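Open the model in your viewer and switch to a cartoon view. Keep the selection panel at hand.

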Amino acid sequence: MSNLVNEIGVRKDFLLCVDSDGCAIDTMEVKHVKCFGPCMVDVWGLQQWEEEILNRWNVINLYSMTRGINRFKGLLMALQEIDKKYTKIEGLEAFYDWCEITPQLSNKSLEEEISKVDSICLKKALEWSNAVNASIKKLPNEEKKAFAGVKEALQKVKEEANIAVVSSANREAVLEEWEEHGLLEYVDVIFAQDAGTKAKCIADLLELGYDRSNVVMIGDAPGDYDAATRNGVFFYPILVKKETESWKDFEENGWKHLKEGTYAGAYASQKYKQFRDNLSGN
């Protein structure tokens, strides 16, 4: 807690928790299309069914209500489908067990499990995750841009709100991307994959004494909404394929509702309906 206090510095009246991939930074689609899915196909040798499997990977991770799921949970869902429909995935049960019991879905936790359980699926999952990280690093900078309107929104709220990045992405990648696009200067603290669940990260921040009615989680995925609701704070959606409009609306309307205490009720309900309709239609 003392480290968090030091990072935040002066606690302001409001708190914005902001997701990174697919929310502030336009990296989610390119990472899944060019890195996550293809690396899975390569590691498990699924080239025979590549097109269908990659299409399903993108639906699971980008265009449905499981958008933004942790990488290992998304991998488990995909492998379970592949196991049933295409080819048996050896050792899948051990990977399922780890996903269910581990307190931290991360490479480090997976390495610890591999030291205790000899499973080819666990080993391949770690190989895949490392390959994904390496592949993401190779993406050209022009394919990793901030969405228009993010910087303007953060600039507007910075004087009255602390800003925390709350992401399930790799910490190194988050730091690099936010610095690259000049956003890091507005951020007080960063929570990434190694910090635990988004719900836990928000809960840790709330221990600093914020009024829950002054806190909003800005995100693009159901996991962001769940993390907000578990902590009794507001959720503001960045809509898929409408990201620029979403950020502009937050700057002009969402922030105003939060400041004036009118976010609850009709406005919050309207935003959630837009969010569900958007993912249902993709």
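Select residues 215-219, strand β6, together with β1. In this predicted model, the two strands pair in the parallel sense over four bridges. For individual pairs, pick L15: V215 in β6 stands opposite. Then pick L16, which faces V216 in β6.

Which residue of β4 is the bridge partner of L16? Select I163 to see that partner.

Five strands make up an open sheet with parallel pairing. Read across in the order β5-β4-β1-β6-β7. Which strands stand at the edges? Select 189-191 for β5 and 234-237 for β7. Each of these has a single partner strand, so one side of each lacks a neighbour in the sheet. Look along the sheet for the twist: from one strand to the next, the average is 25°.

Return to β1, residues 14-18, and show side chains. Is the strand mostly covered or mostly open? Mostly covered: five of its five residues are buried. In a regular strand, side chains alternate between the two faces of the sheet. Colour F14, L16 and V18 for one side of β1, and L15 and C17 for the other. Both faces are covered, and these residues are all buried.

Then bring in the helices. Select 171-180, helix α9. Helix α9 lies across β1, β4 and β5, and runs at about 140° to β5. Select 243-260 for helix α12. Helix α12 lies across β1, β4, β6 and β7, at about 150° to β1.

The last stop is helix α8, residues 150-157. Which residues of α8 are buried? Show V150, A153, L154 and V157. They sit on the same side of α8, because they cover an arc of only 95° around the axis. An α-helix has 3.6 residues a turn, so residues three or four places apart point the same way.

Note on methods
Residues numbered from 1 in each chain as written. Predicted model: local features only at pLDDT ≥ 70, side-chain atom pairs only at ≥ 80, totals over all residues. Heavy atoms only, no water. Buried < 20%, exposed > 50% of the residue type's maximum accessible area, 1.4 Å probe, protein only. Pairing = 2+ DSSP bridges. Axes fitted to C-alpha atoms, helices over the stretch in contact; angles between N-to-C directions. Contact = heavy atoms within 4.5 Å. Arc of directions from axis to C-beta.
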